[in-house]
Each structure stands twice: as C-alpha cells, then as structure tokens.
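Good morning, everyone, and thank you for making time for this.

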Amino acid sequence: MRHDHLISANQLTREDIEAVLDRAADIADDPAAFRERRAGSVLALCFFEPSTRTKMSFDTAMKRLGGDTTDMGSVESSSVKKGESLADTIRVIEGYGDAIVLRHPSEGAAKMAAEFTDVPIVNAGDGAGQHPSQTLLDLFTIRENAGLDDLTIGIMGDLKYGRTVHSLSMALTNFDARQHFISPESLRLPRGVRFDLHEAGAQVREHTELEEVLGDLDVLYVTRIQRERFPDENEYHKVAGEYQIDLDTLEAASDDLTVMHPLPRVDEIAPEIDDTTHAKYFEQAHNGVPVRMALLDALLEDDR
Ligand code: NCD
C-alpha cells in the first residue's frame with residue numbers, strides 16, 4: 001500500500017485491496033511464515049469507544065507478526081479523563097508505537113489525528129464516519145464465499161450511522177458489484193455517502209423491504225441499529241426491532257446466500273440462522289486476524 005495512514009475506504013484502490021487480501025490469504029495458508037515478520041515493532045491501541053473484535057484482532061494480529069502492542073486502556077483510566085486533547089494524546093503516543101489504531105466517537109477524528117503524526121494511523125471507527133479495516137475483512141470474507149465480481153449484495157439496517165456500511169459501500173465501487181440498500185426511510189445512507197457512490201459510478205438501489213431483493217442476493221450484510229448515535233432515544237425505539245431476519249425470512253433466499261454482520265448483533269439475526277450454511281459472521285470476525293496482519297505488515301513495510 002502506498003498510504004501512510006488508513007483513514008477512509010475512499011482512498012483504497014482495487015490494487016490496494018487485492019494486495020492486502022492476497023497477503024491475508026497467504027497468511028491464512030501459512031501463518032508460521034509470518035511469525036517473526038514484525039519482531040521489534042509495537043502497535044499502539046487507542047480506543048475511545050468500546051471494542052471487542054477490532055481491538056482484540058489488531059492485538060492478536062500484531063503479536064502473530066512477532067510484534068507487540070501497547071494499550072491506552074479505557075478513557076476512564078487514561079489522561080483523557082483529565083482533559084487531554086486528542087492532538088496531545090496522539091503526539092505522545094506516537095513516541096510509543098510504530099503505528100496507531102484509533103477509535104473515537106467523533107467523525108473526522110482519525111483524519112485530524114493523522115495531521116499530528118507521521119506514524120501510520122489506522123481509523124478503527126470515527127463516530128458514524130468510516131471503518132476501513134473492517135471493510136478489508138468484509139471484502140476478504142465476500143471474496144472467499146461469493147467472489148467480488150458479478151456480485152449482488154444487500155446491505156441492510158442502520159445505513160445512516162453504520163460506519164462499516166459507509167466504508168464497505170465505497171470499497172465495493174472498485175468491483176463489479178450491484179449494491180441494494182435496505183433500511184427504514186429515517187436510516188437511509190447519508191447524502192454525502194450517496195454522492196460519493198454516485199461519483200464513483202456505483203450500481204446502487206435503495207429499498208425499504210428486504211423481500212423486494214432477497215431472492216437476487218449473493219450476500220446479505222446485516223447491521224445493528226447504532227443506538228448510541230441516536231440524538232433522541234425515542235427515534236431509536238421507532239426503528240428498533242425492524243429488519244430482523246430468521247429462518248422464515250431466508251425461505252425466499254438463494255441456497256448459496258452468504259449472511260454477514262460486522263457484529264455485535266443485538267436481535268437482527270435470529271440465533272437459529274447460526275447453524276445454517278448461510279451464516280458467515282463468525283468466520284468474518286475471525287478473518288480480522290489474517291487481514292489485519294496483512295494490513296499492518298503493509299503499513300510497516302521498511303521501504304515505505
Ligand atoms: C462495528 C463498529 O464498531 O462500527 N463493530 C465492529 O467493529 N465489528 C459495528 C457495530 O458496532 O455495530
């Protein structure tokens with residue numbers, strides 16, 4: 001990858017994506033060959049919002065490359081609690097790590113942080129903005145299960161606040177993918193994302209009912225309603241519980257449908273789907289390790 005930072009999926013070319021996915025596939029095939037690859041390197045984990053998968057898989061990825069990690073810990077236990085600015089926090093942490101993974105509740109935080117450091121920043125989620133490393137593991141999972149070309153994908157749920165959706169939909173414009181967006185009217189894709197997709201020549205349709213497209217889909221990417229981002233709790237309750245899928249829903253789907261979810265799920269996917277061949281969300285979460293190993297390896301390349 002030619003980038004210093006990974007802030008948005010908008011910066012990823014098809015070549016970048018394929019390079020990371022190919023390297024991730026090599027890693028998944030022979031993890032032992034990468035065991036000493038980044039020995040001596042340290043990754044700084046800087047999470048201002050809760051995380052299980054993203055933080056732990058970055059941590060594991062760095063360690064499986066022979067490197068180590070240092071963790072800011074929770075906001076409650078760090079100097080952020082004393083009122084330290086994000087800029088100062090980053091300027092300090094750049095002295096402790098060779099790369100920084102940053103998750104923050106404010107949209108634009110990672111972009112801003114990147115202005116204060118030359119150490120590569122990976123945006124691990126900036127509010128309702130972007131989550132590009134999640135996109136790489138999503139694309140890896142799609143490639144393994146359905147293929148990335150001649151793809152028909154449905155992306156359902158909270159398209160307004162869901163940062164994984166914003167990143168994934170932009171990255172998919174590099175491929176021959178028809179994208180169907182399924183959500184309540186109030187949680188449509190934000191205007192800015194729709195504009196970017198249009199500019200990139202995306203093949204996009206919007207729906208309010210899954211039934212309108214389910215039978216055509218190769219992949220159904222389900223997302224959680226992002227309760228924490230609703231300015232008004234009443235608005236959340238108006239849409240909570242809509243757009244759930246269960247075995248009955250999938251009667252109308254192709255036998256080969258791949259069901260994905262960035263997780264955590266609340267009630268969008270009934271547990272009875274977990275044991276079917278459709279369910280790929282746990283595999284998707286596990287793919288976070290080889291994909292993030294490949295990403296870190298590329299960002300820490302000596303000759304950059
Ligand atoms: C997602 C996130 O944080 O945006 N989680 C993740 O990283 N896998 C999705 C979510 O929180 O709903």
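This is a predicted model: local features need pLDDT of at least 70, side-chain atom pairs count only at pLDDT 80 or more; totals for chains, interfaces and linings use all residues.

Residues are numbered from 1 along each chain as its sequence is written, and side-chain values use heavy atoms, with hydrogens and water left out.

The chain is divided into domain 1, made of 9-128 + 287-299, and domain 2, which is 132-285; these bounds come from an automatic or database domain assignment. To their contact, meaning heavy atoms within 4.5 Å, domain 1 brings 29 residues and domain 2 brings 28 residues. The C-alpha centres of the two domains lie 24 Å apart.

How much area do domain 1 and domain 2 bury between them? The value is about 2400 Å², with 56% of it on carbon and sulfur atoms, where buried area is the accessible area (1.4 Å probe) that two parts lose on being put together, summed over both.

Between domain 1 and domain 2 there are 4 salt bridges, each being a side-chain nitrogen of Lys or Arg within 4 Å of a carboxyl oxygen of Asp or Glu. Elsewhere in my notes I have a salt bridge that joins the side chains of Arg229 and Glu49, at 2.9 Å from N to O.

On the side of domain 1 that touches domain 2, H1 gives the most, with 8 residues; helices (H or I, at least four residues) are DSSP runs, numbered from the N terminus.

How values were computed. Helices (H or I, at least four residues) and strands (E, at least two) are DSSP runs, numbered from the N terminus.
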